[in-house]
Structures are given as C-alpha cells and as structure tokens.
Amino acid sequence: MKFGVIIFPASNCAEDCYYVLSSLLNQNTKYLWHKSSEAIDTDVVILSGGFSFGDYLRCGAIARFSPVMERVIEFAGKGGLVIGICNGFQILTESGLLPGTLMKNTCLKFICSPQYLKVENNYSVFSKKYNSGDVINCPIAHNEGNYFADENTINKLEKNNQILFRYCDENGNVNDSTNPNGSVNNIAGIINIEGNVLGLMPHPERSSEKILLCDDGIKLFKSIIESYN
Amino acid sequence: MFKANIYVTLKKSIFDPQGKAAENSLVTLGFKNIRNTRIGKFIEIELDENDKNIAFEITKEMCEKLLVNFNIETYRFELEEI
C-alpha cells in the first residue's frame, strides 16, 4: 500500500508518521512537499502534526491554500483515504474536508499529555482493528484542540456515527471531567460522511511501539492496511 | 488608496476563554464593574485601489476567503482613504 506524508513548513510529526509506516509496517511511503501540484499517486495521504506556517492567522488556515491541498481535495473527492493528525486535522477543517473548527483549549494551555480515548465504533476503515468501546492510550499535544461545530452539525455527526474517538478516562468514562480541552461531546476524532477522511487531535504515530510505552495507535494504521488487502 | 481596518470577532454564541481570563485579571486589578470581555483580531490592509466600491468588494472577498472562519467568527470593516 502506498502512503504519502505531506510536509508543510513547520510540520514536525511527518518523520514519525514516515517511520511508523515504512519501518514498523513495511509500507511504501514517501513525502509529499506542500508546493507540489502533481496529482496524488498514493493510496493514502497523511497530514501530520506541527505548526504549519507558524499557526499564523488560525491553525491550518494558511496551509489550506498550499498547492498540494487542491490535489488532496481532489483526491478525497474521488474516495482517496486522507488522515489529518493534530495540525493536520486543523488543516482538514479549514479546507472544508471535515466540518467544525478546532478552537483554543478552554484551559488556555498547551496540553502535552498521555490521553485515554474511547473508540466509538469499528465500522470505519480507520478503526476496524479495534473493538467498539475499546479504551486506548494515545497522547495529545496541542493548544487548539477544542472541537466546535454548531448543534446541527454535531447532531449529524452523532447520528451518522462519524465520531470515531472521544476523550475519556482509563475506564472509558466520557464526561466533562475527562475532557482535556473543552471539545463538544468530548470529540477527539471524526470522519467525513463518506468515511474516507479522518481527522483526530491525538497522535497515533507517537503511540505505535512499546518502546514509547504504548502501541495502541498502530492499530489505526493497521486497520487501513487490512482494509486495503 | 484605501486602508481597510478589519475587525474579526468571535460570534456571540462562542465562549471566549481568553476574554474570560483577561476579564478575571482586570477584576483582580480592581475593575469590578465589567463584563462580557471578548478578544478578537484587528487586521489592517492597504489596498492599491482608488475606487471605494471596488476596495469594499475586494476587502469583503478577502474576509470571506481567508481572514474569517465563519464557523466561529464574524467581521466588520471600515475603509479609510490614505
């Protein structure tokens, strides 16, 4: 399976994604430069974490207009698989590929911490290696991870099972006390209605091997590979 | 030429923790009779354009395409002849 990892100026998790896919999972992986306007020729595109364009104006707002994003939008429109992690999620919302906005954390602090997530369902191409209701450990590192969308949009996300991951505690409790950043309904990750675009604030690439104390995140990437085979 | 003074603010329905934190500090400093502190962005752009109507349309388009996120923000602007 072919993976492309996009590098924007100040992306800082692209190498982690590349390493997990190429070294741990033996997948054909390459970097895609943000100025590239060539058609996407991989099966999956990953927008990794970081601070693209210094987070100027709004997180992801400038990166959204990089030439490669026109191609990513075209690719997603044809059913190509796209994952946005952290800043990548912010870029996907700014580009309109996913609904909502990632606002400043309600605590007004940059949070860098281990985080439990509840896997809401395993119907998705991105979650099939998990069981519905699994509690996984996947770190977060963000200042703007507070997911917001209007009530109508949230209702649609809930109704269509588009919410894949929610912030919780180790026992899977989802409530205000287990919500690190103020996200509506503890939302940590969503997919689009077609199911081929995923955005999440936690970092599965930072929890993909035991040497990092936790490898719960690797199942996300394995889910995609299994779906493809 | 015109200068656009653009004010981008959070919609009224959006909670502004930054505004709240600033307000709490102001109250601590003794400014007791304040409320609804909101923090937004102020953007200045000079337009090399002499027709005010065209300058208006260009500014509006820039706000709609990039400067404002309509999920959470709203905006207004003034054009100043320079």
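A: A polar contact is a pair of N or O atoms within 3.5 Å; within protein, one must be able to donate a hydrogen and the other to accept it, and residues adjacent in sequence count only if both atoms are side-chain atoms. This is a predicted model, where local features need pLDDT of at least 70, side-chain atom pairs count only at pLDDT 80 or more, and totals for chains, interfaces and linings use all residues. Residues are numbered from 1 along each chain as its sequence is written, chains are lettered from A and ligands numbered from 1 in the order in which they are written, and side-chain values use heavy atoms, with hydrogens and water left out.

The residue is A:Arg166. Its side chain makes a polar contact with the side chain of A:Glu120, at 3.2 Å. A:Arg166 is buried, with a relative accessible area of 11% (buried means under 20%, exposed over 50%, partly exposed in between; 1.4 Å probe, protein chains only). Not counting residues up to four places away in sequence, A:Arg166 touches nine-strand-sheet and other neighbours, including A:Tyr116, A:Leu117, A:Lys118, A:Glu158 and A:Asn186 (contact means heavy atoms within 4.5 Å).Now the setting. A:Arg166 sits in strand 11 of chain A, which spans residues 163-168 (helices, H or I of at least four residues, and strands, E of at least two, are DSSP runs numbered from the N terminus). Nine strands of chain A form an open sheet with mixed pairing, in the order 2-1-3-4-13-12-11-7-8 (two strands pair if DSSP finds at least two bridges between them). Its edge strands are strand 2 (28-33) and strand 8 (135-137), each pairing on one side only. The twist averages 20° from one strand to the next (axes are lines fitted to C-alpha atoms, for helices over the stretch in contact, and angles run from 0 to 180 degrees between N-to-C directions).

Strand 7 (residues 116-119) of chain A runs antiparallel to strand 8 of chain A, joined by three bridges. A:Tyr116, a neighbour of A:Arg166, stands opposite A:Asn137 in strand 8 of chain A. Helix 4 (residues 151-159) of chain A packs on the sheet. This helix touches strand 11 and strand 12 (187-191) of chain A, and makes about 70° with the direction of strand 12.

Finally, a distance across the chain. A:Ile6 is 160 residues from A:Arg166 in sequence and 26 Å away in space, C-alpha to C-alpha.
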